Amino acid sequence: IYYHSLKDVLLFIPPLEEQKRIVAKIDTLFAKIDKAISLTEESLVQAKNLLPSVLKELFEKGKADGWEEKKLGEVIEKTKNVNPKTSSFDEFTYIDISAVDKSLQEIVLPKTVKSIGAPSRAKKSIELDDILFATTRPNLKNIAIVSVLYEFPIASTGFCVVRSNSETHNRYLFYYLISDLLQEQIEPYIRGAQYPAISDKDLKSVLIPVPNLKEQIQLSELFDKISEESKKTQSKLEEQLAYLKQLKSSILTKAFKGEL
């Protein structure tokens, strides 16, 4: 907006003493709201850190209790690449990194693509319950389980496809892959400044603690419950934050309408 327009805006100016009273009232209310915002933000950080801290604690405890450690590549199945342009289907479901919501760690935006116009990176054949681990900028944790039976699903080569074998539970693998312990292990393997990435081979060389299958399932169920409760708590806190910030705006509106 230009000054010549702004200077013509009408202002309602109460007496000076009334201005001082209004400002004092606003300062008092804003101080209380700012304190509530600060406490809510602290609670939100704690809610976001709950699952990572539990994962680290229980995985470290398992290692201390003598769980066998194996390379990731030893506890998953081999997967294959495909060429959709020479396939028998006319179109397929394409999942690239943009299809994964990293905050939810779920596939939310798969695309339906014509086989004849398939992107060059559409090569990785995937199945239900596979885990997709984005190897480009792995610190962002674009990681998700294929939880929907898509029609002719193919993933980008930007993912490493992790498929559990008979001795591992896919959700147990998923929770280890999103853990800070995994991030600590892959850090030395990451290459590239502009687009830091890790190769499938290096990812499969990291060590993973492997309890028996029954214990993996029990832990996965526990992690699921903690994750669900954490997300619910985060959602409520984010709503509360939005309300508190909007409240400051509404207080100003009332103040300048003479309603405060």
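This is a predicted model: local features need pLDDT of at least 70, side-chain atom pairs count only at pLDDT 80 or more; totals for chains, interfaces and linings use all residues.
Start with helix H3, residues 170-177. Seven of its eight residues are buried, so H3 is largely enclosed by the rest of the structure. The buried residues are Asn170, Tyr172, Leu173, Phe174, Tyr175, Tyr176 and Leu177.

H3 packs against H2 at an angle of about 105°, and their axes are 10 Å apart. Angles of 65 to 115 degrees count as roughly perpendicular. H2 and H3 are therefore roughly perpendicular to each other. On the H2 side, the meeting residues are Leu51, Leu55 and Phe59; on the H3 side, they are Tyr172, Tyr175 and Tyr176. By class, this contact has six nonpolar residues, no polar ones and no charged ones.

**The nonpolar cores**

The largest nonpolar core holds 32 residues. Phe59, Leu72, Ile131, Val162, Leu173 and Tyr175 have the most contacts inside this core. Among the elements that give two or more residues to it are H2, H3, H6, helix H4 (180-186) and strand E10 (159-162). H3 supplies the largest share, six residues.

Phe59 touches several residues beyond four places away in sequence. They are Trp67, Tyr172, Tyr175, Tyr176, Ser179, Leu181, Pro209 and Phe223.

Another core lies apart from the largest one. This other core has 13 residues, including Ala99, Val100, Ile126 and Leu132.

| Residue | Helix | Relative accessible area |
|---|---|---|
| Thr40 | H2 (residues 16-64) | 4% |
| Ser227 | H6 (residues 213-256) | 11% |

Buried means under 20% relative accessible area. Thr40, at 4%, is therefore buried. Ser227, at 11%, is buried too.

Which residues does Thr40 touch, not counting those up to four places away in sequence? They are Leu237, Gln240, Leu241 and Leu244. Leu237 is 197 residues from Thr40 along the chain, yet their C-alpha atoms are separated by 6.4 Å. With Gln240, the link is a polar contact of 3.3 Å between side chains.

Ser227 is in contact with Leu51 and Tyr175, leaving aside neighbours within four places in sequence.

Terms used:
Residues are numbered from 1 along each chain as its sequence is written. Side-chain values use heavy atoms; hydrogens and water are left out. Buried means under 20% relative accessible area, exposed over 50%, partly exposed in between (1.4 Å probe, protein chains only). Contact means heavy atoms within 4.5 Å. A polar contact is a pair of N or O atoms within 3.5 Å; within protein, one must be able to donate a hydrogen and the other to accept it, and residues adjacent in sequence count only if both atoms are side-chain atoms. A nonpolar core is a set of buried Ala, Val, Leu, Ile, Met, Phe, Trp, Tyr and Cys residues joined through side-chain atoms within 4.5 Å. Axes are lines fitted to C-alpha atoms, for helices over the stretch in contact, and angles run from 0 to 180 degrees between N-to-C directions. Angles under 35 degrees count as roughly parallel, over 145 as roughly antiparallel, 65 to 115 as roughly perpendicular and the rest as oblique. Ala, Val, Leu, Ile, Met, Phe, Trp, Tyr, Cys and Pro count as nonpolar, Asp, Glu, Lys and Arg as charged, and the others, Gly among them, as polar.
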